Every structure is written in C-alpha cells, then in structure tokens.
Amino acid sequence: MTYRITPVFLLILSLLLVVNCGRKERTLFEEGKKWEMVGEKTKALYYYELSLRENPEYDPVLKRMGLLLADSVESIATAIFYLEKYHRQKKDDTEVQRELFRLYLTTGYEKEALEILEEIRFQGKKETLEFFEASYLCLTRGGKQKEYLQSLEKSPLSGDPYYAPWVRACETK
C-alpha cells in the first residue's frame, strides 16, 4: 500500500502549525501582561521572554519588554534593542517614539534622537513636536537653555506625568 501526500494535506498541516505556534506566543504574552498588571515585573519579563522564544519578531512582546526594561538604568541598552526592533515594524507608535527619544537623549545618541524628531515632524502633531524640539535643544545645546526651558514649561504636555521629568532634566542641566 502506497501513501501519497496531497497538496491539500500539506496546506492543512502548515496552517495547523502556524495557528498552534501563534497561539502559544500569544498565550505566553497574555500571561506576562497579567503579571505586569499586578506589578510583578520579573515574572512578566519571564513570560515575555518565553513568548519571544516562540517568535522573536512578535511585536506586542517587543514593545512591552522595551518599555518595562526602560525603567531600569541597568537595562537601558536592552530596552533600546527591543524598542528599536519594535519601532522598525511600527513607525507611528507615539509611546515607543517618545520612549526611544528619551532613552537616546539620556544616553547621548543625538543622531538617533534627531531621527525620531523627524518622524514626529512628519506626523503633524504640533504640540508633541514643539515639546520634543525644546527638550532636544535644552538637553543638547547650552546657549539658550532658559528659552528652551520656558518653552517646555508653557507646553500643554508639561503637566503630563510622563513628560514632567523632561522639564526637570532641562532645569538641572
């Protein structure tokens, strides 16, 4: 008796493998999110890492890993790695743009910060662009620091808890 593998069988088998693999990375990601929501960063990172082992390009995990690791001074390089990888896939994610911008400025990567600034310029968000420009100039240029600081303080974004440290960083420069 001879068995013949038909193209339909191969297609069905391929689809089952793709669906099964996708389900596992998503399940691990969701488990990580649960832990993150209750403040268990270490456990969340563990499940995110397992999810990335299933699919190293799974963008929701890349974003969460990068944002979580960005909080730790010891993990900034790793955070930048994950956020850049995510950013290559999703250029218009403002949350990732602003975090990459902040990390670039605080680590001295001015060229990369300027690239993010250009992306924001073309997205047409005037308030965000003005705030980012003033932050960039305040933190990288020494001459007109008071003017840049005034511009930051007048910005509607200065009251946002995320952006407030940027204003303080400019004040202490």
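Let's start with Tyr46. At 49% relative accessibility, Tyr46 counts as partly exposed. Buried here means under 20% relative accessible area, exposed means over 50%, and partly exposed is in between, with a 1.4 Å probe and protein chains only. Tyr47, at 23%, is also partly exposed.

A word on the source. This is a predicted model, where local features need pLDDT of at least 70, side-chain atom pairs count only at pLDDT 80 or more, and totals for chains, interfaces and linings use all residues. Residues are numbered from 1 along each chain as its sequence is written, and side-chain values use heavy atoms, with hydrogens and water left out.

Now the rings. The whole structure holds six aromatic pairs. Tyr46 and Tyr47 have ring centres 5.2 Å apart and planes at 80°, so that pair is edge-to-face. The cut-offs: rings of Phe, Tyr and Trp (its six-membered ring) pair if their centres lie within 6.5 Å; planes under 30 degrees apart are stacked, over 60 edge-to-face, the rest tilted. Tyr104 and Tyr109 also make an edge-to-face pair, at 6.3 Å centre to centre and 65° between the planes. Tyr104 is buried at 6% relative accessibility. Tyr109 is partly exposed at 44%. Phe29, Tyr48 and Tyr58 form one aromatic cluster.

Next, the fold. The protein has nine helices and zero strands. Both are DSSP runs numbered from the N terminus: helices are H or I with at least four residues, strands E with at least two. Of the 173 residues, 38% are buried.

Tyr104 comes back in a helix contact. Which residues of helix 5 meet helix 4? They are Val96, Gln97, Glu99, Leu100, Leu103, Tyr104 and Thr107. From helix 4 come Ile76, Ala79, Ile80, Leu83, Glu84, Tyr86 and His87. Contact means heavy atoms within 4.5 Å. The residues of this contact divide into nine nonpolar, three polar and two charged. Ala, Val, Leu, Ile, Met, Phe, Trp, Tyr, Cys and Pro count as nonpolar; Asp, Glu, Lys and Arg as charged; the others, Gly among them, as polar.
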